[in-house]
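Here are my notes on the model, as numbered points. Please read them with the structure open.

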Amino acid sequence: MKVGRRAFIGFVAGAVGGTLLSPLPWKLADDIAIWTQNWSWRPSPERGHRAAKKTICTLCGGGCPIEVDFIDGKRAVYARGGDWGICSLGASAVQYLYAPYRVQTPLKQTKKRGDISGFKPITWNEALSEITQKITKLLGERKGHSVACITGQKYSSIFDLWKQFLRACGSKNVFSMPDSFDCQRAVSRAIFGADVTFGFNLADVTCVLSFGAEWADGWGPRAPMAKVASGWFSENPGKPVTEVIHVSSRLSMSAAKASEWVAVKPGTEAALALGIAHVMIKENRFDPIVREYAGFEDWTDLSGKERRGFKDLVLKDYTPEKVEKITGVEAQKIVEIAHSFAKHPKAVAIWGQGTGGPRSFYDESVFVTLNLLKGNLEKGLFHLKGNVPVAPLPAIEDEVVETAPRLEVAADWKIPFGEYSYPLYPFLDAVASQKGYPIELLFVQEANPVYCLPESGLVKEAFSKIGMVVDVTSFMDETAVNADIILPAPVMLERWDDVYGLPVFAQSMYALSRPLINAKYDVRHPGDVILNIAVKVGGTVKTALPWRNYTDYLKFRIKGIADSGRGAITNRMDELVSVSTVKKNFGDMESLWRELSKGKIWFDVPPSAYEIIGTDNGKPQFSITALGEAEMKIEKDELLLPHYEPFVVSKGSGGEHSLLLMAYNCGFISTGYLPNSYLMMKNIWDFQLKGDDIFVEINPATASKLGFREGDMAVLKTVKGEARVRVHVVPSVPKGVIGIPKGFGHGAYDVFVKDKGTNANRMVEIHVDPVTGLGIEVVTGAKLVRA
């Protein structure tokens with residue numbers, strides 16, 4: 001019998017429909033599911049009662065509340081955020097807890113440094129005894145200054161503990177890993193005469209002018225920032241949608257979400273800000289209070305020399321036409337942006353760096369002055385942040401401990417504001433070039449400088465000149481591989497910790513992170529490691545650190561907050577980012593400890609800026625007189641004013657590296673101490689990573705000129721190195737620019753992370769800021785050729 005095509009389709013459709021309506025397949029599916037779940041070899045999570053525990057996440061500097069689900073209180077299975085939300089790092093907390101690349105016991109290198117096969121397990125007593133012997137020997141030889149530390153926990157009390165420990169040894173060589181806010185203290189010292197950082201009232205603005213601040217991609221505390229930014233684009237009664245103008249060289253996530261993206265040539269955002277300032281001053285659309293600030297008009301320096309003022313500099317040197325030639329933004333567009341910024345009663349200028357590192361001193365000074373022109377200090381939109389009143393550590397008198405200058409000072413680096421910026425690159429340069437004095441012992445604590453620092457070749461060279469490297473870490477990362485002794489640390493869910501600061505926002509904040517589970521391995525808290533060594537060394541070192549353990553140290557710090565009577569505690573995020581007054585709602589140290597242990601957060605509103613400003617007349621100043629006080633011989637007037645300072649790009653011999661390589665961060669890719677978790681690797685776009693190949697972004701015009709098509713293999717070359725890459729043709733970067741994502745190319749961890757792409761940090765070039773000594777990453781000369 002023949003069956004026609006139309007009849008056959010109808011027959012099959014009817015059969016399928018009848019089968020689906022029958023209970024038979026559903027019963028079979030249920031039976032098969034039950035059967036397969038009972039296979040003895042099937043991996044299955046432990047079953048039991050599921051309940052959540054709360055703590056504070058310390059995986060970045062945000063200090064966000066986090067909830068973790070446990071089975072029978074023993075096995076963590078899931079992490080989520082509260083009303084703050086959660087970032088990709090926080091969501092990965094459980095995966096970091098059970099990561100196979102965790103260090104489980106103290107290890108000692110028995111072969112050549114860098115050979116992972118040479119690590120052998122040792123006991124804690126053996127490890128600490130060897131370190132103690134090293135320190136005791138150095139102290140006996142009056143070389144305590146040759147001990148140094150690089151920590152990744154800047155927003156924690158352990159940073160001060162490291163400084164106390166090294167100070168007791170006679171060393172000032174304590175450094176933190178770079179971030180976007182490193183330059184703020186130096187700029188604050190110059191303009192306000194105060195050693196503080198800055199904060200913004202971002203919840204109550206009508207216009208945000210962002211100069212490279214990737215607010216949607218990891219600028220500041222990720223979850224709170226995402227929450228606040230979502231409010232910018234929500235239309236509520238009495239509050240219009242916030243106008244967000246994003247200025248950057250790359251079409252980032254922040255640029256895509258903004259009301260308007262203004263594309264500029266790489267590194268020229270400060271020039272555009274000065275062009276906007278020109279229009280505001282020329283048209284008298286600025287707050288008249290700035291006329292009272294020293295250096296706005298022409299001024300006289302301490303030697304009696306007449307100097308140009310900021311107004312004259314901006315009106316003559318930064319006309320929209322001149323700024324157009326620098327930035328590539330049309331003069332008329334500059335005027336339009338200035339008018340938009342000036343008309344909004346609550347407009348604020350924010351800034352950052354797409355690489356996640358700091359900007360230059362002069363760049364940040366320019367962005368601050370733009371807020372001063374808007375009167376944001378008086379309006380309460382731009383703040384000088386108050387301190388967190390934790391208890392200060394015991395003083396160590398100079399006559400008790402002989403302290404040498406910090407290494408970069410001994411190596412004759414002239415950095416006027418170095419004491420406010422922790423200049424890590426001059427330190428590494430001095431170590432690598434063997435200037436000043438040798439570093440005999442380096443502690444690295446929960447940081448991965450061998451991988452994370454741009455110009456990573458300099459880091460490796462410096463490490464090769466150090467006598468002993470001790471890495472206090474949870475993971476077998478690139479820095480651990482290059483250490484002599486590895487001391488395993490518990491991860492966030494296994495330990496007490498604190499976090500304070502809340503970068504970006506105006507409020508001061510302090511939170512306590514408590515352990516939710518017993519430590520899995522033979523680990524010790526980094527703070528306990530410091531205290532254990534101090535006891536073994538004895539003498540002044542032991543006296544300077546009198547606490548039995550790190551928990552006692554944290555209680556000592558919190559007592560300072562309780563005794564101050566300042567601030568309040570809350571579990572509501574809106575109070576942390578917008579409240580203007582507080583009323584104390586906690587008691588003594590013990591009661592405050594209990595409340596903080598439950599996941600509540602202490603906060604305080606910012607004080608009046610004029611309570612903090614320490615200039616001669618008690619007002620901000622445009623003239624950077626502190627540079628003159630630092631005995632710098634400055635002839636050019638603009639060097640004593642906020643201005644645009646162009647950078648120099650190394651293009652190789654004969655100018656062969658004619659393209660510009662620009663590295664960038666993504667909010668869902670980890671670029672710091674923590675690697676990409678398995679969860680994060682799943683979220684990476686296939687135009688960023690394919691197999692083991694990383695993609696670089698080039699403009700269609702650049703691709704056409706070089707003869708590249710989408711997905712082509714290429715070799716990327718810079719003055720620092722080369723790498724095989726694939727090409728992603730996209731108009732998100734300007735002509736002549738290559739965009740490369742950070743967070744790939746690890747040489748450690750496991751098969752899911754190791755050797756995936758290339759590490760952008762080994763390809764880029766650092767410019768050392770002459771005022772702060774900070775390493776500034778902008779662009780690097782590059783070339784792209786066929787593989």
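In which hand of crossing does α7 pass α14? Point 2 has the answer.

1. Ground rules. This is a predicted model, where local features need pLDDT of at least 70, side-chain atom pairs count only at pLDDT 80 or more, and totals for chains, interfaces and linings use all residues. Residues are numbered from 1 along each chain as its sequence is written, and side-chain values use heavy atoms, with hydrogens and water left out. Helices (H or I, at least four residues) and strands (E, at least two) are DSSP runs, numbered from the N terminus.

2. α7 on α14. α7 passes α14 in a right-handed crossing. A crossing is right-handed if the near helix is turned clockwise from the far one by less than a right angle, and left-handed if anticlockwise. Helix α7 covers residues 184–192, and its axis lies 10 Å from that of α14, at an angle of about 55 degrees. That makes α7 oblique to α14. Axes are lines fitted to C-alpha atoms, for helices over the stretch in contact, and angles run from 0 to 180 degrees between N-to-C directions. Angles under 35 degrees count as roughly parallel, over 145 as roughly antiparallel, 65 to 115 as roughly perpendicular, and the rest as oblique.

3. Who touches whom there. From α7 come Gln184, Ala186, Val187, Ala190, Ile191 and Phe192; from α14 come Phe361, Glu364, Ser365, Val368 and Leu372. Contact means heavy atoms within 4.5 Å. By class, the contact of α7 with α14 has eight nonpolar, two polar and one charged residues. Here Ala, Val, Leu, Ile, Met, Phe, Trp, Tyr, Cys and Pro count as nonpolar, Asp, Glu, Lys and Arg as charged, and the others, Gly among them, as polar.

4. α10 on α14. Helix α10 (residues 269–282) packs on helix α14 (residues 361–373) at about 25 degrees, with the axes 9 Å apart. α10 is therefore roughly parallel to α14. The crossing of α10 past α14 is left-handed. On the α10 side, the contact includes Ala273, Leu274, Ile276 and Met280; on the α14 side, Val366, Phe367 and Leu370 are among the partners. The contact of α10 with α14 divides into eleven nonpolar, no polar and two charged residues.

5. Salt bridges. The count comes to 44. The rule is a side-chain nitrogen of Lys or Arg within 4 Å of a carboxyl oxygen of Asp or Glu. Arg308 pairs with Asp312, with the closest N and O atoms 2.9 Å apart. Lys143 meets Glu141 at 3.8 Å, N to O. Arg285 meets Glu283 at 3.7 Å, N to O. A network of salt bridges links Arg50, Lys54, Glu67, Asp69 and Arg80.

6. Exposure of those side chains. Buried means under 20% relative accessible area, exposed over 50%, partly exposed in between (1.4 Å probe, protein chains only). Lys143 is partly exposed at 36%, and Glu141 is partly exposed at 35%. Arg285 is partly exposed at 33%, as is Glu283 at 36%. Arg308 is partly exposed at 21%.

7. Backbone points to check. Asn284 is not a glycine, yet has a positive phi of about 55 degrees. Asn284 sits in the loop between α10 and β12 (299–300). Glu446 is not a glycine either, and has a positive phi of about 45 degrees. Its loop runs between β16 (441–445) and α18 (449–452). Glu446 is buried, at 7% relative accessible area.
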